Amino acid sequence: DFITDEHRMIQDAAREFAQKEIAPIAAHFDETGEFPIDTVRKMGALGFMGIEVPEAYGGAGLDTLAYVLALKEICKVCASHGVIMSVNNSLFAHGLVKYGTEAQKLKYLAPVASGQKIGAYSLTEPMSGSDAGNMRTRATLSADSSHYILNGRKSWVTSAPYADVIILF
């Protein structure tokens, strides 16, 4: 059996949270399109927003199976909460864990894994969809080399209205 007691514990915690905290409000957020910031922050406090992030960077330090089991329970109750959780864990945190510098990991992972801050992932553009090879957005070093200037348009950026940190292509 691949599912350990720890896996069952996180799955049970996610199920209980989803049923008690998300189910009563899910329809409201579906109808209004509002971002469920309060429950997202609560998911972070429970470790759901950084399940695979190493403990050294403020995450739960669990494996992919724990992530999938928890995500499944959240999605059963509300797909919107599930997408937000998924983007935060897989597209934002995983990319930063795998490709970020040590300084970036130390600065961004703990607040995002805890739900104190929200991470987003910005790839899709109006004319290129998710085809990264046809992206038009560009980063150009400023004349004094002090910063980059971004030019372009992005669309479908999950969590953008509340994002504190964005991985942008």
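From the N terminus on, the elements of the chain follow the order α-α-α-α-α-α-β-β-β-β, that is, six helices and four strands. Helices (H or I, at least four residues) and strands (E, at least two) are DSSP runs, numbered from the N terminus. This is a predicted model, in which local features need pLDDT of at least 70, side-chain atom pairs count only at pLDDT 80 or more, and totals for chains, interfaces and linings use all residues. Residues are numbered from 1 along each chain as its sequence is written, and side-chain values use heavy atoms, with hydrogens and water left out.

**Overall dimensions**
- The C-alpha trace of the chain spans about 55 × 40 × 25 Å along its principal axes.
- Buried residues (under 20% relative accessible area, 1.4 Å probe, protein chains only) account for 40% of the 169 residues.

**Nonpolar cores**
- A nonpolar core is a set of buried Ala, Val, Leu, Ile, Met, Phe, Trp, Tyr and Cys residues joined through side-chain atoms within 4.5 Å.
- The largest such core has 23 residues, and Met43, Phe48, Ile51, Ile74 and Met85 have the most contacts inside it.
- At least two residues of this core come from each of helices H1 (5–22), H3 (37–45), H4 (64–77) and H5 (79–99).
- A second, separate core of nine residues includes Ala93, Leu96, Val112 and Ala113.

**Strand pairing**
- Strands E2 (residues 138–141) and E3 (residues 148–151) pair in the antiparallel sense over four bridges; pairing requires at least two bridges found by DSSP.
- Leucine 141 stands opposite tyrosine 148 in E3.
- Six residues lie between E2 and E3 in this hairpin, and serine 145 in the turn has a positive phi of about 60°.

Note on methods: Buried means under 20% relative accessible area, exposed over 50%, partly exposed in between (1.4 Å probe, protein chains only).
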